[in-house]
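Please inspect the sequence and the structure before working through the solutions.

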Amino acid sequence: MQDVSEAWGRLARGDFQGAADLSSKLLVRFPNDPAVLSCNAMSNWQLGADIDKCIADMRRSVALSPEDAWIRHNLATVLASNGELEEACDSFMKAIELKPDQADFHYNLATVYRRQQKTQEAIAEYQKALALDNRLAPAHYDLGVLLAQL
């Protein structure tokens, strides 16, 4: 039987339907596996499925694996896409607390701060992201735009 790493691989390659199909099959066998549940929620979110169900599934994943930074990051991403910016910030910050060396976590938190018009906080997080990964082109661009607006 295929495993969750293949489902995540499909998701990473942009095969959202393939990831959703495989993770749905895996959920039948492993209904309480946070990685399977998270992959399924993220795949369905990418497909435009019911956002409230995706958020509920991501919250359940966090409850099953509260120390998993990536699951918290994924929850924050879905929350932010739904305009739930305060809760998204909280989840991004917890992900960063668990795994502070992830440039993407800082970048995505900066993006939420930017949406909230918290310019100084956004600048600080973009700078942290770039200190961790200087090749993160979107962070260079977004930081430049913010600095140009000052």
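**Exercise 1.** Determine whether W70 is buried, partly exposed or exposed.

*Solution.* W70 has a relative accessible area of 36%. Buried means under 20%, exposed over 50% and partly exposed in between (1.4 Å probe, protein chains only), so W70 is partly exposed. The model is predicted: local features need pLDDT of at least 70, side-chain atom pairs count only at pLDDT 80 or more, and totals for chains, interfaces and linings use all residues. Residues are numbered from 1 along each chain as its sequence is written, and side-chain values use heavy atoms, without hydrogens and water.

**Exercise 2.** Classify the aromatic pairs found in a search of the whole structure.

*Solution.* Rings of Phe, Tyr and Trp (its six-membered ring) pair if their centres lie within 6.5 Å; planes under 30 degrees apart are stacked, over 60 edge-to-face and the rest tilted.

**Exercise 3.** Which helices does the Y107 and Y126 pair tie together?

*Solution.* Helices are DSSP runs (H or I, at least four residues), numbered from the N terminus. Y107 lies in helix 7 and Y126 in helix 8 (residues 119-132), so the pair ties together parts 19 residues apart in sequence. Y107 counts as buried at 16% relative accessibility, and Y126 is buried at 0%.

Terms used
Helices (H or I, at least four residues) and strands (E, at least two) are DSSP runs, numbered from the N terminus.
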